[in-house]
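Trainee: I would like to go through this model term by term. Please start with the rule behind each word.

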Amino acid sequence: MRKAFALPTVAIAAAAFPLLTMTAASAHAASSSYQADLSALNESGVSGTGMVTLDGTSATVMIEATGLVEGAPHAQHFHIGAQGACPTDADDTDGDGFVSVTEGAPYYGDIGASLTLDGDTSPDSGLAVDRFPTDGNENYSRTFDVSEDVAAAFEDGTAVLVLHGVDKDGSGTYDGDIMSDLDPSLPMEATAPAACGAFAAAQMGATPEGGAETGAGSTAGVEQQTAIGVGAVAMAGAAAAGAIAYRRRQAGEQA
Ligand SMILES: [Cu+2]
């Protein structure tokens, strides 16, 4: 019985070895992936996830979020240059009932990139309300070049995803007497942060599929998956061989 199991053990080791080789190769890939889990601010009820694959300064950005104000533009940015963290509703230091962009800045910093639907993505488009998503349930995807500062912020852990715009009084739109700290012609509801999440390096398995069209890194990911598949088949085969050998041995003993 010991002899029957020895062969499958060798087969499993052989199947596992190419998998380890592929994982090592993937670690040298040019692109890096980052994930931000969004937490609600200003009692927005917003939740979601941001995924970024960075290849040099080319960023492929995917955001899925629910609970945003339907039919109203929500500005969204990479904020950089501070702690790489998010405020909480307790950070309403001026007591006006909102955590404003100004009150959040010590945590997440200034705008590094504007995640618009089209056109310019620089900080200059920070309040380009006609080019931001207006869906209550957002599904954003865009690839564009970010500045060296933004790319560096992802690498050093200070990049933060912030979605703005919250209907705090439940009127169905942005309104109210308190005006924005960014633009006094806009209500505070239009610019106050609705959700925030700090980016952290993502696991290989969490790489967004949308990043697959660019770079050698994603190709390596596909190859790695293939290797896993081959390895799994080989292991299943080895297990089956072991089971057959075991049954034969059992049958031999009973006969
Ligand atoms: Cu912002």
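Mentor: Contact means heavy atoms within 4.5 Å. By that rule valine 61 touches Met51, Val52, Phe78, Leu115, Tyr140, Ser141, Arg142 and Phe144, not counting residues up to four places away in sequence. The model is predicted: local features need pLDDT of at least 70, side-chain atom pairs count only at pLDDT 80 or more, and totals for chains, interfaces and linings use all residues. Residues are numbered from 1 along each chain as its sequence is written, and side-chain values use heavy atoms, with hydrogens and water left out.

Trainee: What makes a set of residues a nonpolar core, and where does valine 61 come in?

Mentor: A nonpolar core is a set of buried Ala, Val, Leu, Ile, Met, Phe, Trp, Tyr and Cys residues joined through side-chain atoms within 4.5 Å. The largest one has 32 residues, and Val61 is among those with the most contacts inside it, along with Phe78, Phe154, Leu161 and Phe199. Elements that each supply at least two residues of this core include strand 3 (58-66), strand 4 and helix 3 (148-156). A second, separate core of six residues includes Leu41, Tyr108, Val162 and Cys196.

Trainee: How do you know what counts as a helix or a strand?

Mentor: Helices (H or I, at least four residues) and strands (E, at least two) are DSSP runs, numbered from the N terminus. The protein has five helices and nine strands. Strand 4 covers residues 76-80, and glutamine 76 lies in it.

Trainee: What makes the pair of glutamine 76 and glutamate 138 a polar contact?

Mentor: A polar contact is a pair of N or O atoms within 3.5 Å; within protein, one must be able to donate a hydrogen and the other to accept it, and residues adjacent in sequence count only if both atoms are side-chain atoms. The side chains of glutamine 76 and glutamate 138 are joined at 3.1 Å, within that limit.

Trainee: Which residues are called donors of the copper ion, and why?

Mentor: Donors are N, O and S atoms within 2.8 Å of the metal (3.2 Å for Na, K and Ca); water is not among the atoms, so sites may look incomplete. His77 (ND1), His79 (NE2) and His164 (NE2) lie 1.9 Å from the copper ion, so they qualify as its protein donors. Their spacing in sequence is H-x1-H-x84-H. Histidine 77, at 3% relative accessibility, counts as buried, and histidine 79 does at 2%.

Definitions and conventions:
Buried < 20%, exposed > 50% of the residue type's maximum accessible area, 1.4 Å probe, protein only.
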